[in-house]
Amino acid sequence: MASTRKRTTPWIVATAAIGLTLVGSQSAAGSSSAAEPPSTPVPVSTPDGQLASYVVNAKIVNPGQVRKVEKAVEAAGGVVVQSWPQIGVVVAHSKNGDFRTEVVTKAKGAVASAGPTRTAAVLEGTPEGVQAPWGPGKGQIKAIPRAEDPVEGPTTPATGVPEQYESLQWDMKNIGVPEAHKTTTGSSKVTVGVLDSGIDPDHPDLASQIDVAQSVNCTAGGRPDTSATGWAPTTSDHGTHVAGTIGAARNGVGIVGVAPGVKMASVKVVSDEGYIYPEYAICGFMWAGEKGMEVTNNSYYVDPFEFWCGDQPEQAPALEAVRRAVKWSQDEGTVHVAAAGNSSYDLSNKTTNASSPNDGTAVNRTINSSCKDIPTELDDVLTVSSIDQAGKLSSFSNRGLGSIDVAAPGSRILSTIVTNNGWGYKSGTSMASPHVAGVVALMRSAHPELSASQVVERIRAQATDTPCSTTAAGAPCVGDASENSYYGQGVVDAAAAVR
């Protein structure tokens, strides 16, 4: 995955684009420069009778206007799966092929934008408890197999007795974690939301670290599910590996995380089929903000588009809805850290993309600066590139001058895995991002007086200046040691974070 970032598989789209009303806040999600070519449209087919998922964004964010949107959803032949009045976003399901246009008309000016969240039918069905005339059930598409993160070397259990595993963690030494731990290993009052595929609940390095009360499953149509096992992993150990890097316990077993003194919440946003649709991510960000989590880690891009284009009426609504959720939770005090991606792509020089949509048939499309890899390219999200043990940019890592904030170890990282409650190696920007999330947790433990924006500013400013290197794939490095396209403002520094 290209971060849970996956994904290489395609999909079929076969209808003319449907014009949508896009006003007000849509422009905040991103628009292209007049000098750039428009992005390639990707029409989304929603035939009558096929269960489809949508986000509907209110023009004005207040409870009364959101209620108007909810009524419009029902009048247009849909059901409200989840409503987020704090941000004016309603997640809806419908089998009405004309839902997108009808909900705008029925709302009589209350809707800013409405659009699909995927190009495929809703595989998980409508959640139980939602009064849908078609009832709960499974969609008709087949699950698409997913590739794991790029791995430099096999993903296998580590060798040696448990007490020796810490010596294999080159990554911790690289960013000054042992030095930071002389000051603090983190506070149990700080919670890291691991927005991922779930955390192994009985792993010896993780069981004591999980805040069960704050864990949630967001993959049932984007509706929070707090059932006892909903947030546990089922088909992927990606989230378990990420969690070990952030906060594996110092208990004489296995490894130690960047911030073993903090708590982690499993916020499951990856479905069993490997998708992170917009409604799942929105649920995760809103949950983190509502619960007062100090930091989240986001090792994924939101499906089905590796880049969501703000100049396309079928993609802009979901882009805007995710942007609203990220901004709201940031305003609530949550710092969001995200993987830059594993496509060796220059995020600051967008030209073409051939990986999306990934729940049908991919389209070779022109993209421009309105097209965002979300959440990593949203405002004030800490974007993390990956380096290897030699300190060079990992060949798979995305890069971009002004797009990368900081770098962290991501090649051949030892952490926790589900198989046999063991430990294994993985590579990817998915593995780099949790190092930074752990450092943010340490900083928020040592300096609880800092606001979210101040933490972001300090993480960037305290990073170790690193000059350009060479790498085997993608655009060459540009910039100087203080800021460049490979390392951003430098390699994250755990020791500096706790001073």
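Modeller: Helices (H or I, at least four residues) and strands (E, at least two) are DSSP runs numbered from the N terminus, and by that reading the chain has ten helices and 19 strands. The model is a predicted one, in which local features need pLDDT of at least 70, side-chain atom pairs count only at pLDDT 80 or more, and totals for chains, interfaces and linings use all residues. Residues are numbered from 1 along each chain as its sequence is written, and side-chain values use heavy atoms, with hydrogens and water left out.

Colleague: Where is N421 found, and why is N421 called partly exposed?

Modeller: N421 is found in the loop between β16 and β17. Buried means under 20% relative accessible area, exposed over 50%, and partly exposed in between, with a 1.4 Å probe and protein chains only; N421 has 23% relative accessibility, and therefore counts as partly exposed. N420, placed in the loop between β16 (413–416) and β17 (423–426), has a relative accessible area of 76% and is therefore exposed.

Colleague: What makes S403 buried, and which residues is S403 in contact with?

Modeller: The relative accessible area of S403 is 17%, so S403 is buried. S403 lies in the loop between β14 (382–387) and β15 (406–409), and, leaving aside neighbours within four places in sequence, is in contact (heavy atoms within 4.5 Å) with L347, S348, E377 and T383.

Colleague: Why does Q315 count as buried?

Modeller: Q315 has 1% relative accessibility, and so counts as buried. Q315 lies in the loop between β9 (308–309) and α7 (316–331), where, not counting residues up to four places away in sequence, Q315 touches V42, F305, F307, W308, C309 and R365. Of the 499 residues of the chain, 61% count as buried.

Colleague: Why is α8 called oblique to α9?

Modeller: The axes, lines fitted to C-alpha atoms over the stretch in contact, with angles running from 0 to 180 degrees between N-to-C directions, come within 11 Å for helix α8 (residues 429–446) and helix α9 (residues 452–462), and cross at roughly 120 degrees. That makes α8 oblique to α9, because angles under 35 degrees count as roughly parallel, over 145 as roughly antiparallel, 65 to 115 as roughly perpendicular and the rest as oblique.

Colleague: Which residues of α8 and α9 meet, and how do they divide by class?

Modeller: V436, V439, V440, M443 and R444 in α8 meet A452, V455, R458, I459 and Q462 in α9. By class, this contact of α8 with α9 has seven nonpolar, one polar and two charged residues, where Ala, Val, Leu, Ile, Met, Phe, Trp, Tyr, Cys and Pro count as nonpolar, Asp, Glu, Lys and Arg as charged, and the others, Gly among them, as polar.
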